[in-house]
Amino acid sequence: MPAPWPEQDAALGSLKKLDLHGNHQMPIKETGIPVSCCLRLVLLLSIIGVGTASTAALETANLTHEQKPNIVIIMADDLGYRDLSCYGCIDFETPSIDALALSGIRCTDAYVSHPYCSPSRAGLLSGKYQQSFGHESNPTYNESDTETGIDIQTRLLPSLLQDAGYQTGLFGKWHLGAGQPFRPAVRGFTNFFGFLGGGHDYFKTEPQGKNYKSPIWREHQPTDTQLTYLTDDLTAEAERFIETNRHNAFCLLLMYNAPHAPDQVTDEYMKRVESIPHPGRRKYAALVQGVDEGVRRIADKLDSLQLTEKTLLVFLSDNGGRRGVSDNRPLRGNKGWLHEGGIRVPLILSMPGTLPQGEVYRQPVLAIDLLPTAMRLAKLDVPTSCDGVDLFPFFLTNTPAAPHASLFWRVSGGAGFAVRSGNWKLVHDIGMTRPALYDLTTDLGENHDLSTLKPQVLAGLKNEYLAWNQTRESPRWKDGHINNTRHERTLAEQAGTRQFPMPWIKSQDPKPTRGSKPTDND
Ligand SMILES: [Ca+2]
């Protein structure tokens, strides 16, 4: 079992305490493994352009130039910002993901580049804002569609790492096009076991099935594989991939369906969360338990093969938590929104011996940063078209410099957009009549629109967005989600809430299970 929350909190570093409205409750104190002054200087130089960061990072890990670190990225689907103990979850525990956070860096201000599935994954795998190649909404599932999917001219992370001799595997959800030109096995993944669409039944699959019962593929072909439980099956495949490639550098993406719908769980995982009173929340929590168990098994597998210090292990969610059952508080909104609840996600990076352990990183970072970070670890040059940034120099120094001057989001070709620059955030989401401006330092919940008080700040951010927007493509296919997004926002606003009502919360927060005040969060 994990340490009680207060001890865990201390081990993670004294967190910036915010109440549910984002107000500070105590000062920040950062902790971490000290990095030598010499190394800090080298890394600082690299930040300003010398570019030796990954070399220095590798030296700290005692890895030779011949030993390239493994890259393992575990992604949950629709996991809420506050649905892990280490991010303040109050009604269930995630001991294995918490342990991962204690072994590495937990990011408080990590974002995905889109508030839902496919475009977010397109950004992650390309290292670019996905608007660079018109990938701005989910492709429909059509195995004969050769037009709708991730840009075939853009090389993806596994393909790039293959240049350095990496073995590459994807286990789980793809959702970047079901047609032949877009499938994982032709986009750089030597091994693929999973499904091509946006979600899947946890127990059933059919060779000719549709939607959630679509076939499970292995490399280039659909199979007649039967599932035991999807989350566990994907973990088992990933374990086998690690075992098989233990003597090679490898890149593994474990892309769980959980805790995405359908809400199907096993008795084992339900037992772990049986104290949760609301049935929907309880099932959701059980889905997360499957992911937590998967993280434990992958970490244990790496440990057993003495690969932990040779592996960058990353955990994140692909977008904000889905409505009704997840917990994004204190953030406003849900999956699909450009307010923080749709785009800010848990992100943990662990590489003991190289990265600090038990540290909290608070500068804004993006999932698209993982591609250049991985490539620099592999001693590869990052494509000049990449928008992401190698994060290691920032993690390994005390530099106040931020990886990004500004971060941008655009949905439906500009029907919605957002910009974050420092503490300021402009949001003009679908369904809003004018942009709003928030100071995230004092208003993490985005409750107080300062646009009329700070017109120059608003104008500056909007001009930044317009300049960025000019460098991007129009969407290549129609956004089938736009009306849903508009409708859902309208419903939430009419209900007078800053996010959808959470039916699993009745009159007040559930009592915390670990002795923490329910308002403790960051
Ligand atoms: Ca998702």
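This is a short tour of the structure, to be followed by selecting residues in a viewer.

**Before selecting anything**

The model is predicted: local features need pLDDT of at least 70, side-chain atom pairs count only at pLDDT 80 or more, and totals for chains, interfaces and linings use all residues. Residues are numbered from 1 along each chain as its sequence is written.

**Whole chain**

Color the protein chain by pLDDT, the predictor's confidence in each residue, from 0 to 100. The mean is 86, and 83% of the residues reach 70 or more. Select 48–55: pLDDT is below 50 there, and this stretch has 15 contacts in the model beyond near neighbours in sequence. A contact means that two C-beta atoms, placed from the backbone, lie within 7 Å. Residues 510–522 also have pLDDT below 50, with 34 such contacts.

Switch to cartoon view for the 14 helices and 18 strands. These are DSSP runs numbered from the N terminus: helices are H or I, at least four residues, and strands are E, at least two. Of the 522 residues in the chain, 54% are buried. Buried means 20 or more other C-beta atoms within 10 Å of the residue's own, exposed means 12 or fewer, and partly exposed lies in between, with C-beta atoms placed from the backbone.

Ten strands form an open sheet with mixed pairing, in the order 9-8-7-6-10-3-11-12-4-13. Two strands pair if DSSP finds at least two bridges between them.

Next, select 311–317 and 347–350. These are strands 11 and 12, which run antiparallel and are joined by four bridges. Leu316 has Leu347 of strand 12 as its bridge partner.

**Ile348**

Stay in strand 12 and pick Ile348. Is Ile348 buried or exposed? Ile348 counts as buried because it has 25 C-beta neighbours inside 10 Å. Leaving aside neighbours within four places in sequence, its contacts include Leu100, Ile105, Val314 and Phe315. Ala110, 238 residues away in sequence, is 9.2 Å from Ile348, C-alpha to C-alpha.

**Helix 13**

Select 455–469. The end C-alpha atoms of helix 13 are 21 Å apart, which agrees with the 21 Å that its 15 residues should span at 1.5 Å a residue; the expected span is 1.5 Å times one less than the number of residues. Show side chains for Leu458, Leu461 and Tyr465, which are buried.
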